[in-house]
Amino acid sequence: MIQVAICDDTESDIELLSRALVAYDPSLKMRTFRNGNLLIDALMDSEFNADILFLDIYMPGLDGIKTAEKIREIKKDVKIIF
């Protein structure tokens, strides 16, 4: 099963992308995050391992680019889509 994480500060964008992904492949397992720090914390947890990350570039605080840089330090093989 492919695990997908969506990180966006806008709830409507999360909902739109989630619906599109489920329409594409209903078997995808998804988790959503409202900021980069929450995503990074979850990835540090050994129980969560995403295969694909969808990151919003423009988020308050830790933006998508900085989030991706921190994630690359701990997860080198994850696919990141901005």
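Where do Glu15 and Arg19 lie, and how many residues apart? Select both in this predicted model. Glu15 and Arg19 sit in helix 1, four residues apart, about one turn of the helix. Their side chains form a salt bridge, with the closest N and O atoms 3.2 Å apart. Glu15 is partly exposed, at 38% relative accessible area. Arg19 counts as exposed, at 52%.

Stay in helix 1, which covers residues 11-24, and pick Ser18. Ser18 is buried, because its relative accessible area is 14% and buried means under 20%. A polar atom of the Ser18 side chain lies 2.8 Å from the backbone oxygen of Ile14. Beyond neighbours within four places in sequence, Ser18 is in contact with Ile6, Met30 and Thr32.

Next, select Glu11 and Arg34. Their side chains meet in a salt bridge, 3.1 Å from N to O. This pair links distant parts of the chain, 23 residues apart: Glu11 is in helix 1, and Arg34 is in the loop between strand 2 (29-33) and helix 2 (36-44). Glu11 is partly exposed, at 43%. Arg34 is partly exposed too, at 40%.

Move on to helix 3, residues 64-74, which holds Ile65. Select Lys66 and Glu69. Both lie in helix 3, three residues apart, and their side chains form a salt bridge at 3.9 Å, N to O. The salt bridge count comes to three.

Finish with Ile65. Ile65 is partly exposed, at 36% relative accessibility.

Terms used
Residues numbered from 1 in each chain as written. Predicted model: local features only at pLDDT ≥ 70, side-chain atom pairs only at ≥ 80, totals over all residues. Heavy atoms only, no water. Helix = DSSP H or I, 4+ residues; strand = E, 2+ residues; numbered from the N terminus. Buried < 20%, exposed > 50% of the residue type's maximum accessible area, 1.4 Å probe, protein only. Polar contact = N/O pair within 3.5 Å; in protein donor to acceptor, adjacent residues only side chain to side chain. Contact = heavy atoms within 4.5 Å. Salt bridge = Lys/Arg side-chain N within 4 Å of Asp/Glu carboxyl O.
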